[in-house]
Amino acid sequence: MQFYKYISTVLHPIVIPTIGVMLYFLLIPSNLVSNQKLMVLSLVFIVTYLIPLLILVLFKKLKFIKNYKVESIKERKLPIALMVFLFYLLGTTISNVANLRDLSLLFYATSLALFIVYVLFFFKIKASVHLLSLGIFVGFFMILSNIHAKSFIIVIIILFLIAGLLASARLALKAHTTKEIYIGFFIGLLTTSIVYFLL
C-alpha cells in the first residue's frame, strides 16, 4: 500500500506539467536559449505547482477542505475552478512567446479538461485528475508527432505504461472507481485533439 501512495504522490497532477515541459524542451528543437527555457520552466512550476500547493494549504487552514487529498466532489469544486483559470492564463502567456505556440496547447487542453471535470461534478461524477493529467500528456505527444513530423512512439508507450501503473495505484487506494479512472484518462486524451483543431 505504501508503494501505491508513493506512486500517487510522485505522479501527482501538480507535478506532471513541470515534467511535461522539461520533456518538451529535451525532445523538441527550439531557438530559445537556456535562460529562456529556465524562465518558462520556472513560470510553469510556479503556476502549476507552487500556487496550487499554496491554495490547498490556505483552503485547509480555512477548513474548506478536510485534508490535502480533497476527496469529495464538494471539496474539489473551488480548487478545480481556480485551476481552470490558472491553466488558461498560463496557456495565453506562453502562446505569446515566439516558437512556443505548440507548448501552449498543453495548458489550454488542461484548462478545458478541468472545465469538463468541473461540469461532471453536477452529474455526481468524480473523474480522476491523476489520470486526466497523464491522458493530456499522452495526447500532447501524439499531437507533437503530427506538428513536428517526428515519432514519439517510445515516449507515448512509456506514458501508457505509467498511466496503467498510476491507475492501479488509484484503484488500490480506493481513491476512484474504474469508471472514474477511464473517464479522467480519456477526457485528458481527447481535449488535446479538440484544442489542437480549435486553435
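What pattern does the chain follow, read along the sequence? Read that way, the chain runs α-α-α-α-α-α-α-α, with eight helices and zero strands. Helices (H or I, at least four residues) and strands (E, at least two) are DSSP runs here, numbered from the N terminus. Please keep in mind that this is a predicted model, in which local features need pLDDT of at least 70 and side-chain atom pairs count only at pLDDT 80 or more, while totals for chains, interfaces and linings use all residues. Residues are numbered from 1 along each chain as its sequence is written, and side-chain values use heavy atoms, leaving out hydrogens and water.

Let us begin with the overall form. A compact globule of 199 residues would have a radius of gyration near 16 Å, and the chain agrees because its own value is 16 Å. That radius is taken over C-alpha atoms, and the globule rule is 2.2 Å times the number of residues to the power 0.38. The C-alpha trace spans about 45 × 35 × 35 Å along its principal axes. Of the contacts between residues at least 6 apart in sequence, 73% join residues at least 24 apart; a contact means heavy atoms within 4.5 Å.

Now for the surface. Buried residues account for 47% of the 199, where buried means under 20% relative accessible area, exposed over 50%, and partly exposed in between (1.4 Å probe, protein chains only). The chain has an accessible surface of about 10,700 Å², and 71% of that belongs to carbon and sulfur atoms. Areas come from the Shrake-Rupley method with a 1.4 Å probe; for residues, only the protein chains shown count as cover.

For a closer look, turn to Ser145, found in helix α6 (residues 129-147). Ser145 counts as buried because its relative accessibility is 18%. A polar atom of its side chain lies 2.9 Å from the backbone oxygen of Phe141, and the side chain of Ser145 also reaches the backbone nitrogen of Phe152 at 3.5 Å. Leaving aside residues up to four places away in sequence, Ser145 touches Lys150, Ser151, Phe152 and Ile156.

With a relative accessible area of 69%, Lys61 is exposed. Between Lys61 and Asp102 there are 38 Å in space, C-alpha to C-alpha, and the two are 41 residues apart in sequence.

Technical notes. A polar contact is a pair of N or O atoms within 3.5 Å; within protein, one must be able to donate a hydrogen and the other to accept it, and residues adjacent in sequence count only if both atoms are side-chain atoms.
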